[in-house]
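Subject: Structure for you to look at

Hello,

Please find the structure below, with the sequence beside it. After it come my notes on what was found.

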Amino acid sequence: MPGLDVFLHDQFVGVVIPDKPERGRIVLNVDSSYASDVLLSEAFVAIPGRRPPARAVSNFLGGYVPEGNQRERMAAKRHIDKDDLFALLFEFGGSLAGAVTLREQGESPHYQSVYESLDEHALAVRLKQALTEADQGIPDDSRSTLPGYQPKVLAALFDGQWMYPHGRAHSTHILKPQVPARPYRIFDEHYSHLLANRVGLGGYGSEIRQAESMTYLAIERFDRVIDGNEVRLHHQEDLAQAMGLD
């Protein structure tokens, strides 16, 4: 596989390549011209022209990829090893949490995001797929993912219409289907969102919705903002990534 170009927002950071002795690690070669007012990670310093510690970079970018059963099923569907971090980023690193994107080298500078309209039936099918197949309901060309263990589908909401992102197009919402074995989980989470918003810790939308027989929780992503016809990214990392933990 060739390397992957790493961008923070739309600024080129450098190139990621596999750390050949270990499939679970990667190497980041920071471009000599890189300079940004936005911190890439609290766990290491991205010095222009240098190579940060492979373990720190691997834990940081590895914190964005799928976990648990979703990681296993999504890797199997793409015929890659679930422990091969570079392969996971190659397949799913086009749209991650926050504002880091990993793009194939040679991608056209005129890249256009592609979205597919989802009617109620199509949305219900995606939700069922995420629930039964533990694969985040992804089509073959999707390069989007999120970590976590709950079943989920990534979708975008434009003018009240659900859309499915293809390639590395960005989502605006996380849709979590009701799990029959734990039917109250999405309601508990919805309540926690309302509570967080009420006390001033958040300002994102959270709503229980229905698609045919599927009940689901629609969560507005706080790391995404719709600007006209485009989705803008807001950078973030979780505490484990900031502390350099695997």
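Two strands count as paired if DSSP finds at least two bridges between them. Helices (H or I, at least four residues) and strands (E, at least two) are DSSP runs, numbered from the N terminus. The model is a predicted one, in which local features need pLDDT of at least 70 and side-chain atom pairs count only at pLDDT 80 or more, while totals for chains, interfaces and linings use all residues. Residues are numbered from 1 along each chain as its sequence is written, and side-chain values use heavy atoms, with hydrogens and water left out.

The six-stranded sheet

By the pairing rule above, E9 and E10 are antiparallel partners, joined over six bridges. One of the residue pairs is Ser206 with Ile219, the latter in E10. These two strands belong to an open sheet of six strands in the order E5-E7-E6-E8-E10-E9, and the pairing is antiparallel. Which strands stand at the edges? They are strand E5 (114-117) and strand E9 (206-211); each has a single partner strand, so one side of each is left without a neighbour in the sheet. From one strand to the next, the twist averages 40°. Angles here run from 0 to 180 degrees between N-to-C directions, and axes are lines fitted to C-alpha atoms, for helices over the stretch in contact. In general, strands of a sheet pair through backbone hydrogen bonds, either parallel or antiparallel.

Two helices lie across this sheet. Helix H4 (residues 120-133) lies across E5, strand E6 (153-158), strand E7 (161-166), E8, E9 and E10, and runs at about 90° to E10. H5 lies across E8, E9 and E10, at about 25° to E10. Contact means heavy atoms within 4.5 Å.

Leu194 is a residue of helix H5. Leu194 is partly exposed, because its relative accessible area is 43%; buried means under 20%, exposed over 50%, and partly exposed in between (1.4 Å probe, protein chains only). Arg182 is twelve residues from Leu194 along the chain, and the C-alpha atoms of the two are separated by 20 Å.

The four-stranded sheet

A second open sheet has four strands in the order E3-E2-E1-E4, again with antiparallel pairing. Its edge strands are strand E3 (26-30) and strand E4 (100-104), each pairing on one side only. Neighbouring strands in this sheet are turned by 35° against each other on average, direction ignored. Strand E1 (residues 4-8) pairs with E4 over five bridges, and Leu8 has Val100 of E4 as its bridge partner. E4 is mostly covered, with four of its five residues buried.

Helix H1 (residues 54-62) lies across strand E2 (11-18), E3 and E4, and runs at about 105° to E3. How many of the residues of H1 are buried? Seven of its nine are, among them Val57, Phe60 and Leu61. The buried residues of H1 pack against E2, E3, helix H3 (85-92), E4 and helix H6 (239-242).

Two loop residues

His9 is found in the loop between E1 and E2. His9 is not a glycine, yet its phi is positive, at about 55°. At 29% relative accessibility, His9 is partly exposed. Gln136, in the loop between H4 and E6, also has a positive phi, near 60°, in a residue other than glycine. Buried or exposed, where does Gln136 fall? Gln136 is buried, because its relative accessible area is 2%.

Pockets

A pocket is found on a 1 Å grid over the protein atoms alone: it is an open set of points where a 1.4 Å probe fits, with protein on both sides within 12 Å along at least five of seven lines, and lining residues have an atom within 4 Å of a point. The largest pocket has a volume of about 580 Å³, a volume being the space filled by probe spheres set on the points, which are joined across faces, edges and corners. Of its 22 lining residues, the closest to the centre are Asp10, Arg103, Arg168, His170 and Glu230. E12 gives the most to this lining, with four residues.

The second largest pocket holds about 450 Å³ of space. Of the 22 residues lining the second largest pocket, the closest to its centre are Ala97, Leu146, Pro147, Ile174 and Phe222. Strand E8 (173-177), helix H5 (185-198) and strand E10 (214-220) each supply at least two residues of that lining.

Regards
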